[in-house]
Amino acid sequence: RACGKPTYSAFMEHQAVCKPAPMASRFKRNTPPSAYYKLDETGKEAVLVWSSDPNSSKYFPDEQVPLFSASELAPTYHDGGINRTLGCPHYARSCKLRHPTSGKLYTCRLCCEQHREMTTESANREVPLDRYEVKEILCMICNTLQPAGEKCCNPACGSNNKLFAKYSCQICHLYDDSDKSIYHCPFCNVCRKGRGLGIDFKHCMRCNACVSMDEEHVCIPQSLQGNCPICHESMFESTQPLRRLKCGHVMHLSCFTTYAASGNYTCPLCKKSVDDMSEYFALLDSAVRMQPMPLQYVDQSSNIYCQDCGKMGNVSYHFVGLKCQHCGSYNTRELQRVDPLSDYD
């Protein structure tokens, strides 16, 4: 059978066993869903093709009914089961996604990614779950396998026609029952946190990224297509908050917090100041005024390159820092030390 699914007869044998199954059987794929719906020939309406109810006309052996393990069919909880909020640690939702390649059930694509990372043998490792190719989902309330949609199509479901989540996207197949605002960007082709394009976000075609309408950003082509310069993980589809620096480069907010806490104030890629450093530079100005240079250094100067404005110049040498005479930044690099006494050697 496709995807290595056991036969229907194996399911019937499993149902005949009266004793509790051992723990290993929770991972054997020999149990069908409670019902199976598929799209009709028009592709618009979901119709019942199989049911586990003996009184249903659709209750009959069918080799095309997908089989799952008990652990796949078991409901998962967003809050660990405290308030019985269905979902996973990543999202609150009442459905699971069926992997388009392997046919296995995962509460979300991030759960699939965690499962992949935990699999040590590369031969048995699951391929990443392609969110755009998801065709079927499982309702965790009635265990009905059905075409992807906003709510359960089983009229006997205990959800009472309730949506799987407050927000659902039938392009990304993202379901989120939280109160946060989410919108789908047709240019990024992913769902983003926010109220929507033209409301609080806009899409910059040059950066190929959504940016806040209140933010004046520096355009860097394809700025989100690379990896975070700190942790080297992908940023375009990252679920972590991102921090755009003054120079236009982007990194994870958590990475920026750690990076800045270590005393770094320049971009790790272009070396420009990561933010408005005027207050810090004012403190350096005070330190320069309060600490005169020793006599042997008074007449020395330095040729510098400013990493903020990109200009070069010659300034008086000081232990505290070398201030750019063009933009007032101390984010400078000394190119050469100039000692006027050396002219008399």
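**Note on a predicted protein model**

1. Buried residues make up 41% of the 345 residues in this protein. Buried means under 20% relative accessible area, exposed means over 50%, and partly exposed lies in between (1.4 Å probe, protein chains only). This is a predicted model: local features need pLDDT of at least 70, side-chain atom pairs count only at pLDDT 80 or more, and totals for chains, interfaces and linings use all residues. Residues are numbered from 1 along each chain as its sequence is written, and side-chain values use heavy atoms, with hydrogens and water left out.

2. Overall make-up. The protein has five helices and 17 strands. Helices (H or I, at least four residues) and strands (E, at least two) are DSSP runs, numbered from the N terminus. Take the contacts between residues at least 6 apart in sequence: 42% of them join residues at least 24 apart. A contact means heavy atoms within 4.5 Å.

3. Surface. The accessible surface comes to about 19,800 Å². Carbon and sulfur atoms hold 52% of that surface. Areas come from the Shrake-Rupley method with a 1.4 Å probe; for residues, only the protein chains shown count as cover.

4. A nonpolar patch. F187, L197 and M205 make a nonpolar surface patch of about 290 Å². Patches are made of residues with over 30% relative accessible area and no salt bridge; like charges are joined within 9 Å, nonpolar side chains (Val, Leu, Ile, Met, Phe, Trp, Tyr) within 5 Å. M205 is in the loop between β11 (201-204) and β12 (209-212). M205 counts as exposed because its relative accessibility is 54%.

5. The largest pocket. It holds about 910 Å³ of space. Of the 36 lining residues, C191, R192, K193, S238 and Q240 are the closest to the pocket's centre. The elements that give two or more residues to the lining are α3 (109-118), β8 (174-176), β9 (182-185), β10 (190-193), β12 and β13 (242-244). The search uses a 1 Å grid over the protein atoms alone: a pocket is an open set of points with protein on both sides within 12 Å along at least five of seven lines, and lining residues have an atom within 4 Å of a point. Grid points are joined across faces, edges and corners, and a volume is the space filled by probe spheres set on the points.

6. Helix α3. Its buried residues are L110, C111, C112 and R116. The buried residues of α3 pack against β4 (105-106).

7. The loop between β6 and β7. S159 sits in this loop, between β6 (144-147) and β7 (167-169). S159 is buried, because its relative accessible area is 12%. Leaving aside residues up to four places away in sequence, S159 touches I141 and C152. S159 and C142 are 17 residues apart in sequence and 8.1 Å apart in space, C-alpha to C-alpha. N160 is also found in the loop between β6 and β7. N160 has a relative accessible area of 68%, so N160 is exposed.

8. Q222 lies in the loop between β12 and β13. Q222 is partly exposed, with a relative accessible area of 40%.

9. Salt bridges. The count comes to nine. The rule asks for a side-chain nitrogen of Lys or Arg within 4 Å of a carboxyl oxygen of Asp or Glu.

10. E136 and R98. These two form a salt bridge, with the closest N and O atoms 2.6 Å apart. E136 lies in strand β5 (residues 136-139) and R98 in strand β3 (residues 95-98), so the pair ties together parts that are 38 residues apart in sequence. E136 counts as buried at 13% relative accessibility. R98 is buried, with a relative accessible area of 12%.

11. Two further salt bridges. D176 pairs with K180 in a salt bridge, the closest N and O atoms being 3.6 Å apart. D176 is buried at a relative accessible area of 3%, whereas K180 counts as partly exposed at 40% relative accessibility. D200 forms a salt bridge with R195, the closest N and O atoms being 3.9 Å apart. D200 counts as buried at 19% relative accessibility, whereas R195 counts as exposed at 55%.

Note on methods. On a 1 Å grid over the protein atoms alone, a cavity is a set of points where a 1.4 Å probe fits but cannot get out, and a pocket is an open set with protein on both sides within 12 Å along at least five of seven lines; lining residues have an atom within 4 Å of a point.
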